[in-house]
Amino acid sequence: MAKKVALLIVGGGPIGLACALAAQKQGIDYVVIEKGCLVNSLYRYPINMTFFSTSERLEIGGIPFVSNNAKPTRPEALEYYRRVAVSKNVNIHLFEKVETVKPAEKGYTVITDKAVYGADNIVIATGFYDIPNLLRIPGEDLPKVTHYYKDPHYYATRKVIVIGANNSAVDAALETYRKGAEVTMVVREEGIGKRVKYWVKPDIENRIKEGSIQAFFHSSLVGVREQEADILTPEGIVTIPNDFVIAATGYQPDFPFLENVGIQLSADGVREPVYNEDTMETNMPGIYLAGVVCGGMNTHVWFIENSREHADKIIRHIASKN
């Protein structure tokens, strides 16, 4: 028999937790389903990552986030969200994956790999960190190529190509360089990204200028082999020795999941989901979006700090229907 809840939240990241806390406050029966560990996307961030936002802008549920520095680190964020979830006794099922959402006589039937639920309302807060934007080049499937950079020590003394010029790529380039890697950046644009953290941008630009880090601009990686890689530059193909490739090419929401649920996406390349900005309700009645998933391919639009308000909008609308 299906377990019945008023609200099922898909995704146990910061915004999914914010929705749970808002539901708790309104006395709405809910459950959070998370396919990985608690705040799984943050767990997969680079070990040494520092947030762009200050700690108070990452707070959820009105619970203070105290960090050692103005801009918290990944371990501090993991500790904060874990303490919030535990102290507030959030009803969350970890390592359980939502597989199917189907309309039911009232609300929806949600089938996971472990159970079946009946839900009057659903919030999809699945983020975008699970599906990388692929290069689609020969050799991308080699073990030396990764879309998830974790720890710089692994690359010590190796020849490393970093693709991209935004925060993730810049952090990977600087950190691996400082662990002794020979770093080459491959950048499609004319320079380092404008959204790079202001205290990091001069560092990477100076390292490139002095030659400590090599950079090919207006260029793209076009082929990878076991011990070398091909870069298409304005002057033609350049082949360089290579041990590892870190492809910081960004990520995208799970569009097939959204489409299977019945959510309409824009017909352009952004593929932005359809939703009401006042309530966050999609074209499917009772199904809401929260967090970065709202932006489609524009994954730089929504962050924790500016999408926390989605939780209150959603819960306010659900409460108004009762």
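**Strand pairing and a pocket lining**

Reader: How many residues lie between β12 and β13 in their hairpin?

Author: In this predicted model, local features need pLDDT of at least 70, side-chain atom pairs count only at pLDDT 80 or more, and totals for chains, interfaces and linings use all residues. Residues are numbered from 1 along each chain as its sequence is written, and side-chain values use heavy atoms, without hydrogens and water. Strands β12 (residues 220-224) and β13 (residues 228-233) run antiparallel, joined by four bridges; strands are DSSP runs of E, at least two residues, numbered from the N terminus, and pair at two bridges or more. The hairpin formed by β12 and β13 has between them three residues.

Reader: Over how many bridges do β13 and β14 pair?

Author: β13 also forms a hairpin with β14, with two residues between them. β14 spans residues 236-241. Its antiparallel pairing with β13 has bridges numbering six.

Reader: Which residue of β14 is the bridge partner of Leu232?

Author: Leu232 belongs to β13, where it stands opposite Ser220. Towards β14, the bridge partner of Leu232 is Ile237.

Reader: Which element supplies the largest share of the lining of the second largest pocket?

Author: A pocket is an open set of 1 Å grid points over the protein atoms alone where a 1.4 Å probe fits, with protein on both sides within 12 Å along at least five of seven lines; lining residues have an atom within 4 Å of a point. Helices α1 (14-26) and α8 (309-320) each supply at least two lining residues to the second largest pocket; helices are DSSP runs of H or I, at least four residues. The largest share of this lining, six residues, comes from α1.
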